[in-house]
Amino acid sequence: MSDAPTREVARRTFASEFNDASYTFKESDDERAPNYALLPTGERANRVFVVGTVTEKEDVGEDSEYWRGRVVDPTGTFFMYAGQYQPDAASVLRDLEPPEYVAVVGKPRTYETDDGTVNVSVRPESISIVDAATRDRWVVETADRTLDRLERFEEGETSEESPDPSGVYEYVEMAREQYDLPVENYRRDLVTALESLDEGEAPEDDAQVEAE
């Protein structure tokens, strides 16, 4: 039997929710314990799976290549950064020509600016160029996952009279404590994302999300 650690499930999340996931935590004091971002709808994410349009890329490194990419979905923009420790992802980002549909698997990362703002980004493990059908499937599946989380969030308010011994709503309660955000916004965003499929958006159209 292998002792190799099991890879965490890559969560599907739209950009609007991902960029609000500014709270990170570990579940043990072990130095090697995974770091999680807490999604505002009440789910932990050690890895994420996103699909969208690369609208811009730039080498922002000083001593070595360090690529920054903007990946846009119907709800907003993911920022991703890849350098010498993510050589495969950096190579793909270096060679592609925007606009291009991509699928990205990576880890959430947070950075606090001098003014106290917390920026959320993706450190990609892999970047793959995909087609419009793949992007559309991702939108539908991500809407389904987001809706599931919203329903659980709405059901998950527990009290002494209704305990949660199974721990199913542990991260819902954590999200309620850490964020003061109207989660109904994410329901609106998933509807907007699904409606964008009916409009038949091309990669160039996704860039309008950044301008709005």
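Predicted model: local features only at pLDDT ≥ 70, side-chain atom pairs only at ≥ 80, totals over all residues.
Three strands, in the order β2-β3-β4, make up an open sheet with antiparallel pairing. Its edges are formed by β2 (24-25) and β4 (43-45), each of which pairs on one side only. Between β2 and β3 (residues 36-39), the antiparallel pairing runs over 2 bridges, and Phe25 is found opposite Tyr36 of β3. Helix α4 (residues 170-178) packs on this sheet and touches β2, β3 and β4. The direction of α4 makes about 80 degrees with that of β3.

Two further helices, α3 and α5, pack against each other. In general, such a pair is described by the angle between the two axes and the distance between them. Here the axes of α3 (residues 132-155) and α5 (residues 184-198) come within 10 Å and cross at roughly 160 degrees. Because angles over 145 degrees count as roughly antiparallel, α3 is roughly antiparallel to α5. The crossing of α3 and α5 is left-handed. On the α3 side, the residues that meet α5 include Arg135, Asp136, Val139, Val140, Ala143 and Leu147. Among their counterparts in α5 are Glu184, Tyr186, Arg187, Leu190, Ala193 and Leu194. Thr146 and Leu150 of α3 also belong to this contact, as do Ser196 and Leu197 of α5.

Glu17, a residue of helix α1 (residues 15-18), deserves a look of its own. With a relative accessibility of 1%, Glu17 counts as buried, since the cut-off for that term is under 20%. The side chain of Glu17 is joined to that of Thr41 by a polar contact of 2.4 Å. Leaving aside residues up to four places away in sequence, Glu17 touches Leu39, Pro40, Thr41, Thr146, Arg149 and Tyr186.

Another buried residue is Thr75, which has a relative accessible area of 17%. Thr75 is placed in the loop between β6 (67-73) and β7 (76-82). A polar atom of the Thr75 side chain lies 3.1 Å from the backbone nitrogen of Ser16.

Most peptide bonds are trans. The bond from Pro98 to Pro99, however, is cis, with omega near 0 degrees. Pro99 sits in the loop that lies between α2 (87-95) and β8 (100-112).

Terms used
Residues numbered from 1 in each chain as written. Heavy atoms only, no water. Pairing = 2+ DSSP bridges. Helix = DSSP H or I, 4+ residues; strand = E, 2+ residues; numbered from the N terminus. Contact = heavy atoms within 4.5 Å. Axes fitted to C-alpha atoms, helices over the stretch in contact; angles between N-to-C directions. Buried < 20%, exposed > 50% of the residue type's maximum accessible area, 1.4 Å probe, protein only. Polar contact = N/O pair within 3.5 Å; in protein donor to acceptor, adjacent residues only side chain to side chain. Parallel < 35°, antiparallel > 145°, perpendicular 65-115°, else oblique. Left-handed = near helix turned anticlockwise from the far one by under 90°.
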